[in-house]
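Subject: Structure handover and notes

Hello,

My notes follow below it.

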Amino acid sequence: MPPGRGRRARTEQHHPPETGRRDEGAPSRPTPPFPAFAPQGRRTKRPRQPPAASLPFAEILSRVPYRSLCRFRCVSKAWRVLCSHRAIERRVPQTLSGFFHTHHSDGGLRFSNLPGGGAPLVNASLPFLRRRYASVKLEQCSSSLLLCKCRESEEAEECDYVVCNPMTGQWTVLPPIVWQDEEDGEPAYFKVVQPFLGFDPAVPSRFVVFSPLVEVCDDVAIYLSETGRWTRNSEWGDNSEYPSFSAECAFLNGMMHFLHLVIEEPIIAVVDVEGDVCGEIALPEGMEDASSGYSSIGYSQGKLHAWYMHPHYYELCVWVLEDYASEKWTLKHTVDVPELFGRESAEEDCDEEDRTYKYEMFAIHPEHNLIFLTDWKEVNLSYDMDSKEVHLMCTSGDFLGGLPFIPSFADLVVG
């Protein structure tokens, strides 16, 4: 534990025993302060940051979890400057930190930390957007970035779609979709509708947005943050082959994987950042009826996962794609979901509308065999598939479901 932590009034210094003999009563040598620099005056609201290369313990601090780094900032002003240095923040390993969700009582946007305690890691009001917009509605959370629908006034019909990073406050407005008409050369304008945000945590400086062109049923517009422009992809084929952009998406190996259910035989469509469909992955055996139950996909520990919950008696099955090349799925876990909530198993002949609770698995941890479930009435919980331990996250109904969030401090490159 570095010196200086604890009560402010404590001034004792502890030194290693000296090998030589010192005269009794001689003053001890002063211990240099830690960190080895201090804020310079009050010229700015925030003390000037030294170069990252000169920071002591920078290599150590860049390897601790971000929440630990936040706690270290409370030691002193010098520690606050050190632990707030952008070069360190960008290198801190990030993992799932919490969930964005709608509060039950007022319908407002909230953020709840994964452990369930302490001040929220993220200000869910997104104050950097509120300076311009009166209405901000979260449409999607793609790992570390948010897609928001914003209006300058509550009554305004026109809206902007904004992609933002809530940790850095960086944001950009998606421009209108426009390109020259092939027939007369005049500019053709399209509205941004049902946009879908794609973000790869392995390349945190860029993102992609897909927007179907409702006027041209077979085409989709693609926005690349690196160029700052929309391009048009006309190779999606007919609507039966069109991957539906929804929350059932996982970014893995530089490709987006969409669970495509609106066809006769549900599949996982693999799409690159250019919008080209690169392949299809068959669903695991036992998930053939995915369109009639509760199903989704995600990534965990570097592998694609799929899950399916029976719509009648709520048995949950989780598969992992062990071999990507051969499309070999392995059944990882099965569990009776009502029992996790301390309730009796649901009866198979009970009608859906007669059920008191409607269970759903809404997320999987990106690094552990941990899944998150809700009954959409009172309880959110996490379940460890290894130890089979259940941890209650909420029992009041204020935090149900949620969009998983992984913080990122990387600067977005927007053309």
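Glutamate 139 has a relative accessible area of 37%, so it counts as partly exposed. Its side chain meets that of lysine 137 in a salt bridge, with an N to O distance of 4.0 Å. Please keep in mind that this is a predicted model.

Salt bridges

The search of the whole structure gave seven salt bridges. One of them links arginine 132 and aspartate 160, whose closest N and O atoms are 3.9 Å apart. Arginine 132 sits in the loop between helix 5 (127-130) and strand 3 (135-142), while aspartate 160 belongs to strand 5 (residues 160-165), so this pair ties together parts that are 28 residues apart in sequence. Both ends are partly exposed: arginine 132 at 42% relative accessibility, aspartate 160 at 22%.

Lysine 303 and glutamate 322 form another salt bridge, with 2.7 Å between the closest N and O atoms. Because lysine 303 lies in strand 18 and glutamate 322 in strand 19, the pair ties together parts that are 19 residues apart in sequence. Lysine 303 is partly exposed with a relative accessible area of 33%, and glutamate 322 is partly exposed with 39%.

Strand 18 pairs with strand 19 (residues 315-323) in the antiparallel sense, over five bridges. Within this pairing, tryptophan 307 stands opposite valine 318 of strand 19. The hairpin of strand 18 and strand 19 has five residues between the strands, and tyrosine 314 takes a positive phi near 55° there.

Strand 19 also pairs with strand 20 (residues 328-336), again in the antiparallel sense, over eight bridges. Cysteine 317 has threonine 334 of strand 20 as its bridge partner. Four residues lie between the strands in the hairpin of strand 19 and strand 20, where glutamate 327 has a positive phi near 55°.

Histidine 305

A polar atom of the histidine 305 side chain lies 3.0 Å from the backbone oxygen of lysine 303. The side chain of histidine 305 also makes a polar contact of 2.9 Å with the side chain of lysine 332. Beyond its neighbours within four places in sequence, histidine 305 is in contact with residues including Ser296, Val318, Trp319, Trp329 and Ile364.

Regards

Note on methods: Residues are numbered from 1 along each chain as its sequence is written. This is a predicted model: local features need pLDDT of at least 70, side-chain atom pairs count only at pLDDT 80 or more; totals for chains, interfaces and linings use all residues. Side-chain values use heavy atoms; hydrogens and water are left out. A polar contact is a pair of N or O atoms within 3.5 Å; within protein, one must be able to donate a hydrogen and the other to accept it, and residues adjacent in sequence count only if both atoms are side-chain atoms. Contact means heavy atoms within 4.5 Å. Two strands pair if DSSP finds at least two bridges between them. Helices (H or I, at least four residues) and strands (E, at least two) are DSSP runs, numbered from the N terminus. Buried means under 20% relative accessible area, exposed over 50%, partly exposed in between (1.4 Å probe, protein chains only).
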